[in-house]
Amino acid sequence: MSKNEQIAEPRVYIVATPIGNKSDISQRALDVLKNVDVIACEDSRTSAKLLDFYGISTKVISYHKFNERQRTQELLDMIEQGLKIALISDAGTPCISDPGRILVDELIKNDVKITSIPGACAIITFLSLIPRSTEEFAFCGFLPRVKTQILQLLDKYKYIDTVFYESPNRLLDSLKIIKEKRGDNAKVAIGRELTKMFEEVKTGTVSEIIEYFENNTLKGEIVGLVYACELDSSSADKSEFDAELKEKINKLKSLNFSDKDISQILSSLYGLNKNKIYKLALSQKI
Ligand code: SAM
């Protein structure tokens with residue numbers, strides 16, 4: 001099959017690569033990487049390990065956070081000349097805490113057809129391995145380095161499970177900030193070295209997880225989750241939240257929403273149990 005037959009329409013392919021285990025890459029991704037004219041990658045030495053392993057000798061150019069804007073223009077020029085491009089990052093899915101956003105935005109603005117070749121992503125791999133009671137989650141990228149910013153984030157995402165990337169050097173400090181803000185019993189989950197030889201997933205109270213990582217290996221790549229605060233918890237501002245919730249129920253009731261609709265709307269908005277809201281709505285009179 002010729003290059004042109006194999007890669008019919010899109011001009012740019014956003015290609016996910018493995019996050020640790022070289023086998024975690026699709027046949028389609030390998031075909032694309034073999035057949036495009038240029039692969040834009042974050043670090044050519046890192047990508048060479050994967051490309052060499054699969055015998056891919058396509059021309060590679062750098063595309064990283066320090067040359068994203070300039071390279072985007074150069075890639076647009078190449079596309080204009082009829083070349084096909086694949087974008088990869090060091091690991092996982094480009095644009096997810098990795099370069100790519102600027103290119104994708106410009107391609108969309110310039111009406112260039114793009115497609116994504118899905119594959120590994122640390123967030124999704126992690127979420128499939130831990131206990132959860134709701135589908136909803138917020139992803140905040142890397143946790144900020146500044147304590148006040150982590151505290152703000154914990155306020156913002158108080159009622160929704162929040163996934164984050166973190167470096168092993170900062171994990172313990174960040175967990176201590178979470179403990180200070182949410183209390184000893186706040187639930188967290190940590191995934192370390194997913195898909196690799198020393199893959200490890202730990203779920204427990206923040207105190208337990210701190211104690212665990214103070215006494216065990218804390219190296220490699222980390223993804224974590226802070227579970228949402230429970231509406232029923234005895235946290236200091238529960239009554240404030242209850243009052244806010246009741247006010248919202250009353251507002252929706254005054255707009256003639258049924259109790260069922262109200263429970264659906266508010267549960268998806270706050271990631272809360274639908275039945276609890278339904279009961280609360282039933283008990284509210286306006
Ligand atoms: N684009 C990537 C993705 O799709 O997951 C993420 C890139 S981000 C620059 C790299 C961070 O993702 C790492 O510092 C770590 O927090 C997380 N990560 C990547 N691979 C991982 C793995 N195998 N296990 C746990 N976390 C990982």
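Predicted model: local features only at pLDDT ≥ 70, side-chain atom pairs only at ≥ 80, totals over all residues.
Which strands does helix α4 lie across, and at about what angle does this helix run to β3? Residues are numbered from 1 along each chain as its sequence is written, and side-chain values rest on heavy atoms, with hydrogens and water left out.

Helix α4 (residues 68-80) lies across β1 (12-15), β2, β3 and β4, and runs at about 150° to β3. Helices (H or I, at least four residues) and strands (E, at least two) are DSSP runs numbered from the N terminus. Axes are lines fitted to C-alpha atoms, for helices over the stretch in contact, and angles between N-to-C directions run from 0 to 180 degrees; contact denotes heavy atoms within 4.5 Å.

Five strands make up an open sheet with parallel pairing, in the order β3-β2-β4-β1-β5; two strands are taken to pair if DSSP finds at least two bridges between them. From one strand to the next, the twist averages 25°. Three bridges join β2 (residues 38-41) to β4 (residues 85-87) in the parallel sense, and V38 stands opposite I85 in β4.

The domain assignment, which is of automatic or database origin, gives domain 1 (3-120), domain 2 (123-226) and domain 3 (236-283). The centres of domain 1 and domain 3, taken over C-alpha atoms, are separated by 45 Å.

A nonpolar core is defined as a set of buried Ala, Val, Leu, Ile, Met, Phe, Trp, Tyr and Cys residues joined through side-chain atoms within 4.5 Å; buried means under 20% relative accessible area, exposed over 50%, and partly exposed in between (1.4 Å probe, protein chains only). The largest such core has 23 residues, and L171, L175 and I190 have the most contacts inside it. At least two residues of this core are supplied by each of β6 (138-142), α7 (147-156), α8 (168-182), β8 (187-192), α9 (206-215) and β10 (222-226). The largest share, five residues, comes from α8. Residues up to four places away in sequence aside, L175 touches V188, I190, V206, I209 and I210. A second, separate core of 17 residues includes V12, L103, V104 and L107.

N256 is placed in the loop between α10 (238-254) and α11 (259-270). This residue, N256, counts as exposed because its relative accessibility is 71%. N256 and C95 lie 161 residues apart in sequence and 42 Å apart in space, C-alpha to C-alpha.
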